[in-house]
Amino acid sequence: MSTQKKKNFKIEAFKHRGELEPNYAEKTWKILEHAIQEIYNHNASGLSFEELYRNAYNMVLHKYGEKLYSELVTTMRGHLHQLSRYIEATQGGFFLEELNREWEDYKKALQMIRDILMYMDRTFVPSSKKPPVNDLGLNLWKDYIAQSLVIQVRLEHTLLELIEKERTGEVINRGLMRNVIQMLKELGPSVYQEDFETPLIAQSANFYRVESQKSIECCDCGDYLKKAERRLTEETERVSHYLAEATGKMLQNVVEREMIANHMQRLVQRENSGLVMMLEDDKYDDLSRMYRLFSRVPEGLSTIRDVMTGHIRETGKQLVTDPEKSKDPVEFVQRLLKEKGKYDKIISSAFDSDKTFQNALNSSFEHFINLNPRSPEFISLFVDDKLRKGLKEVSEEDVEAVLDKVMILFRYLQEKDVFEKYYKQHLAKRLLSGKSASDEAERSLIVKLKTECGYQFTSKLEGMFTDMRTSQDTLRGFHASQLPMMMERQPGLAVLVLTTGSWPMQAITACNLPSEIHWVCERFKAYYLGTHSGRKLSWQTSMGSADLKAVFGKGQKHELIVSTYQMCVLMLFNTSDQLSYKDIEQATAIPAADLKRCLQSLACVKGKNVLCKEPMSKDILAGDRFCVNERFSSKFFKVKIGTVVAQKESEPEKQETRQRVEEDRKPQIEAAIVRIMKSRRVLDHNNIVAEVTKQLQSRFLPNPVVIKKRIESLIEREFLERDKVDRKMYRYLA
């Protein structure tokens, strides 16, 4: 098969080969010029656009494109020249309306002219590199109208004046503003920016600068911030009505700079209405508004944060260092929790739960809580009060809420080991006296402490609960081993066997128990040592309690709930009618301080005075004499007689506790030093101090002086040695 070769066909424009009239171009242009004038005069309805298009087409086709284009420019210039004079002569408030009307008419006319000259636009204009008809029309409008010296100045002044009127509360024609400003945009970015946007920004800056100065003089901080927020909203709305989005952002920046950034310090420091007053009066709306506005400017939030931090630290310092407010430990901690709750709510409600503000709050609380060296003791006393009596008939959720609040304060403590000492003492008293309100709550707090500080922190606390359980089993075994007849004759005995290392034992002081009690104690001791080989029992009489049956005058019977020391004193009066202080001291061998508190509670407390004292006074003296108060009576059969004791530690007790804490810290510091040096082998003094502090700060902040002493001790015991050249460098000795 043979294939035919494909032929390419080319279609060319029809070529009129006839001869043209000598004045063809002039006649044709006169027709087109007349049509353009009719369009400008709004008489286009009688025109034949098809015929006009053909005339323009033929002129270009016959190489008269240059003449057509230049004549068009001349015609448009003439029209715009007349139009500019007309617009310039427009009076008063009709200027903008007339300009807008002429602009709309001009655009319609330009579109018609463009349609007529479409062929020129498509062929002649690109080849001659001239602006298309539409661009030509816009450029000429810009030159003769928009940037005419008189119109340009008048237009700028009118637009800025209308915007200022709107800012002062007057109603303006926003539709007209939108159309005129849109005209400037269509004429090109440079026209819009140079003839309108730049002057607008400068005028706005001046307007808001003046307004902010006036407002800050006469308004309080809250009202001023409301005005600033309203101005920002207005500028945002202005964009949606007639301004460009980029212009709106620039105007907002102007408002932010002139009304907020330039007055930040003055606003937050404003007396009687500034940030401090807002914080004190819980003005959440004003605080939230300040946060939102200040977040828009550089250094705004840090300004709020710094003032808030300074205020919290100052009020916190007053709270923890005021002797009057430190008298009641429970109230002291309650105030701290109230203050913490207050600022937590402010940060969550007004400051959008900002983490930087939360960190600043935590830093402030940690700062001032540790200004009071007794804060660990007071927090432990607060826990003791709540777990002893304060949480009765409270839901489990509320218990957890209280414990969580306590843990927040606990985290702020730098001396957590001091808290541990006091908490262990208070927990021991609650467990031994059976006054803990809830075992679940006790265990829940220990779990929280364990999570926070690790197993070592709570191991002894957990051991105390273990001893309470095993003591019950031991006591049941003891009772089962006794003959029923003996059990009926001997006093009832309940013993708690405590592991020495787990409990905060006091120095054991021998106390002479009554013979009836001593006998049954010895039987228990024999039973226990018989079932547990290799152990040693020491009686802690200062921690015990007793129930005594007592008969007073006229056969008045009561059951007295007393401490072991009080029992020892009262049972002396079974064989004596009257005893002196010296007699009681010799018979019981109770330490003097404990004996005086014991006798005070038995003879000097109104309603609980089962003993009479001569002479009668609040203090116990060596020459005092005591006898049974035969006239004692109470509406209750069971009468609980507490021991007179201060809730807080006395100064000697405080010094003793502090000394024990310091002694306990020494091995921890040494262990940290050895761990560090074992891994690093060689280290200078400053780095050792830094590393030790970092390792131990979860429990306490070690004193650099103490660290140095522990290093000296380790050198003496040949764990470390000094470098022979650099005396500040230490080496680990394996």
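This is a predicted model: local features need pLDDT of at least 70, side-chain atom pairs count only at pLDDT 80 or more; totals for chains, interfaces and linings use all residues.

Modeller: Residues are numbered from 1 along each chain as its sequence is written, and side-chain values use heavy atoms, with hydrogens and water left out.

Biologist: What makes the protein chain more spread out than a compact globule?

Modeller: The chain has 31 helices and nine strands (DSSP runs numbered from the N terminus, helices being H or I of at least four residues and strands E of at least two). Its radius of gyration is 48 Å, well over the 27 Å that the globule rule gives for 734 residues, so the chain is more spread out than a compact globule. That radius is taken over C-alpha atoms, and the rule is 2.2 Å times the number of residues to the power 0.38. Along its principal axes, the C-alpha trace spans about 155 × 80 × 70 Å.

Biologist: Why is the pair of phenylalanine 207 and tyrosine 208 called edge-to-face?

Modeller: A search of the whole structure finds 22 aromatic pairs. Rings of Phe, Tyr and Trp (its six-membered ring) pair if their centres lie within 6.5 Å; planes under 30 degrees apart count as stacked, over 60 as edge-to-face and the rest as tilted. For phenylalanine 207 and tyrosine 208 the centres are 5.1 Å apart and the planes stand at 85°, so the pair is edge-to-face. The charged end of arginine 167 sits over the ring of phenylalanine 207, 5.6 Å from its centre (the term requires NZ of Lys or CZ of Arg within 6 Å of the ring centre and within 35 degrees of the ring normal).

Biologist: How do you know that phenylalanine 478 counts as buried?

Modeller: Buried means under 20% relative accessible area, exposed over 50%, and partly exposed in between (1.4 Å probe, protein chains only). Phenylalanine 478 has 0% relative accessibility and therefore counts as buried. Phenylalanine 524, with a relative accessible area of 1%, is buried. These two form an edge-to-face pair, 5.2 Å centre to centre with 75° between the planes. Phenylalanine 478 lies in helix α23 (residues 455-481) and phenylalanine 524 in helix α25 (residues 515-531), so the pair ties together parts that are 46 residues apart in sequence. Ring pairs link Phe478, Phe524, Tyr527, Tyr528 and Trp539 into a cluster.

Biologist: Why is serine 48 called partly exposed?

Modeller: Its relative accessible area is 36%, so serine 48 is partly exposed. Serine 48 lies in the loop between α1 (24-40) and α2 (49-61).

Biologist: What makes helix α15 largely enclosed by the rest of the structure?

Modeller: Eight of the 11 residues of α15 (residues 284-294) are buried, so the helix is largely enclosed. Among them are Leu287, Met290 and Phe294.

Biologist: How do you know that the buried residues of α27 line one face of the helix?

Modeller: In α27 (residues 581-588), Tyr581, Ile584 and Thr588 are buried. Seen down the axis, the buried residues fall within an arc of 65°, so they line one face of the helix; the arc is that of the directions from the helix axis to the C-beta atoms. An α-helix has 3.6 residues a turn, so residues three or four places apart point the same way. The buried residues of α27 pack against α26 (564-571), β3 (578-580), α28 (592-603) and β5 (625-628), where contact means heavy atoms within 4.5 Å.
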